[in-house]
Amino acid sequence: MAGTATIGSTRRSVSLLERLENSRLGLGLLFLLPAAVLLLVFLTYPLGLGVWLGFTDERIGRPGIYIGLENYGFLWHDSVFWLSVFNTVLYTTVASVLKFGLGLWLALLLNERLPFKAFFRAIVLLPWVVPTVLSAIAFWWIYDAQFSILSYVLQKIGLITGPINFLGDPTNARASVIAANVWRGIPFVAITLLAGLQTISPSLYEAATLDGATSWQRFRFVTFPLLTPIIAIVMTFSVLFTFTDFQLIYVLTRGGPVNATHLMATLSFQRGISGGNLGEGAAIAVAMIPFLLAAILFSYFGLQRRRWQQGGRD
Amino acid sequence: MADVTTTTAARAGDEGGMNYLERLPRRVVTVYLPLAIFVFVLLFPFYWMAITTFKPNEELTDYKNYSPFWVVNPTLAHIRYLLFETSYPGWLLNTVIISVAATFLSLLASVFAAYAIERLRFKGSRGVGLAIFLAYLVPPSILFIPLAVMVFKLGLYDTRFALILTYPTFLIPFCTWLLMGYFRSIPYELEECALIDGATRWQILTRIVLPLAVPGLISAGIFAFTLSWNEFIYALTFIQSSENKTVPVGVLTELVRSDVYEWGALMAGALLGSLPVVILYSFFVEHYVSSMTGAVKE
């Protein structure tokens, strides 16, 4: 926000419109004004306010006072908080690895010569287009304890005898929410990686084949290195969104059973909004920032040679 | 858009490539079968959503006498219940109003911001570009509590304005970022010619840059609209009364009552709530894909 901080010095007071027209700085800042105001008021300020709230005991309907690190001290000895940290890391790791593996596989499949390729690409993206909450409600019904269609099919085939308690058992619940998250995340990974695959020249594969490369070697030494920059960006985003996920858990389990699926975001909502303890909720949200910073730094330094983040070209 | 079409054109020229080396039976196992499984798994929840919507209640949980995969006596009862006995139409209207307003506001702000960063190249524009990128990485999950406090203090709690004003926090960074890429693809020469002919910056933006960036505007608009339609955590936190809720929040908080889940109505709500974005998406698939991949592609 370094650049936007100088917004106060915007030379809007200059009465001559022409001088403004000719001043790139003045005009630039004027053009930036709407976006800057919205972002500063509703993004930068709340970010700071959130950090401040984490140091207060503010509750809904009662302004708080500064209590130092008390919230963090409390969380440090709170086993539910640590469980939620563990869950978040587990959820993010497993889901991201699966999304990456399956997404890359799907991208490679869609990159083959196929009939109705555009159609396939379009329908594959559907899980990502449909509102998460609404597809999560469908998963809720699919995971129903009594009438789950999955249990029905598995019973028909004879693999299990009774219905599976998808969301009632800690291990099952974790696996179920991860599966739903992976289901929703695969299309994003697959379609963006597909875009990367399509920029790889086929002549490279032909050259590799002439040199006697097997299909695995073609993937390992041609596809993968050329795809790495895009993989890094896609996975940074994927990790970021998985780590801060809220909707899916809120719909499917609300953090249960016995907090086994509570993520930091859902715990923050439960303590901060449902429980009314805004200060503590904010503290939990702030505790997510170090993890997010790590992901962003990875994206920034890992991709230093692609300077698109700064709006420049390669 | 430009680079998407060129890559597809380039690929069309290479169509086939080395594929003749592979025989059909092998392709069935390595390509068609896995692809079929992927498509089946990715689409099944939608099928299940749709089939449940049209099932009468007695078929819904009776797996002994009816096959769960098909519906014998399709009914519109769930949809009728949803439209006439709940606030669902109101939620739909709210979602449309909020999404359109937030998208419009964000696009307006983003066009100016992207043009300023990408083309005016004033001192510090690179820093601003980086700041916009970083803003995109700030997730709603860490903003909703302080925003709730702000929204309450501003007197916006439980109004549509609370959402219209907060959605741009994730829409503007995205749209600006996307539009910067589109503006970059417009040749400088066009602007220079216009400048020599005495056009003002405003005229250049409205008469030259914007008409050329229409595909980018559509992409950003569609994507922003979908993102606002899908938004949940702000809508859940800032809205309390039933008549102001959006579809995702309304379906989850109002249709789920006690322990008896009315799956038919729930699935109908999910289906109807998904249809608008799916229809929009089906018309603009290319724009949608290009805006999604535009984020990661040079």
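Hi everyone, let me start with one residue: setting aside neighbours within four places in sequence, Ser176(A) is in contact with Tyr143(A), Phe166(A) and Leu167(A), where contact means heavy atoms within 4.5 Å. A word on the ground rules: this is a predicted model, in which local features need pLDDT of at least 70 and side-chain atom pairs count only at pLDDT 80 or more, while totals for chains, interfaces and linings use all residues. Residues are numbered from 1 along each chain as its sequence is written, chains are lettered from A and ligands numbered from 1 in the order in which they are written, and side-chain values use heavy atoms, leaving out hydrogens and water.

Back to our serine. Is Ser176(A) buried or exposed? Ser176(A) counts as buried because its relative accessibility is 4%; buried means under 20% relative accessible area, exposed over 50%, and partly exposed in between, with a 1.4 Å probe and protein chains only. Ser176(A) sits in helix 9 of chain A.

Now the chain around that helix. Chain A has 14 helices and 0 strands, taken as DSSP runs (H or I, at least four residues, for helices; E, at least two, for strands) and numbered from the N terminus. Of the 314 residues in chain A, 55% are buried. Among the contacts in chain A with a separation of 6 or more, 64% are between residues 24 or more positions apart.

On to the partner chain. The contact takes 113 residues from chain A and 112 residues from chain B. Between them, chain A and chain B bury about 10300 Å², with carbon and sulfur atoms giving 78% of that; buried area is the accessible area (1.4 Å probe) that two parts lose on being put together, summed over both. Phe31(A), Phe42(A) and Trp141(A) supply 8% of the area that chain A buries against chain B, more than any other three residues.

Searching the whole structure gives 5 cavities of 30 Å³ or more; on a 1 Å grid over the protein atoms alone, a cavity is a set of points where a 1.4 Å probe fits but cannot get out, and lining residues have an atom within 4 Å of a point. The largest cavity has a volume of about 900 Å³, that is, the space filled by probe spheres set on the points, which are joined across faces, edges and corners. Its lining has 37 residues, and those closest to the centre are Trp128(A), Arg184(A), Phe241(A), Gln247(A) and Leu227(B). Which helix gives the largest share of that lining? Helix 9 of chain A, with 5 residues.

Methods: On a 1 Å grid over the protein atoms alone, a cavity is a set of points where a 1.4 Å probe fits but cannot get out, and a pocket is an open set with protein on both sides within 12 Å along at least five of seven lines; lining residues have an atom within 4 Å of a point.
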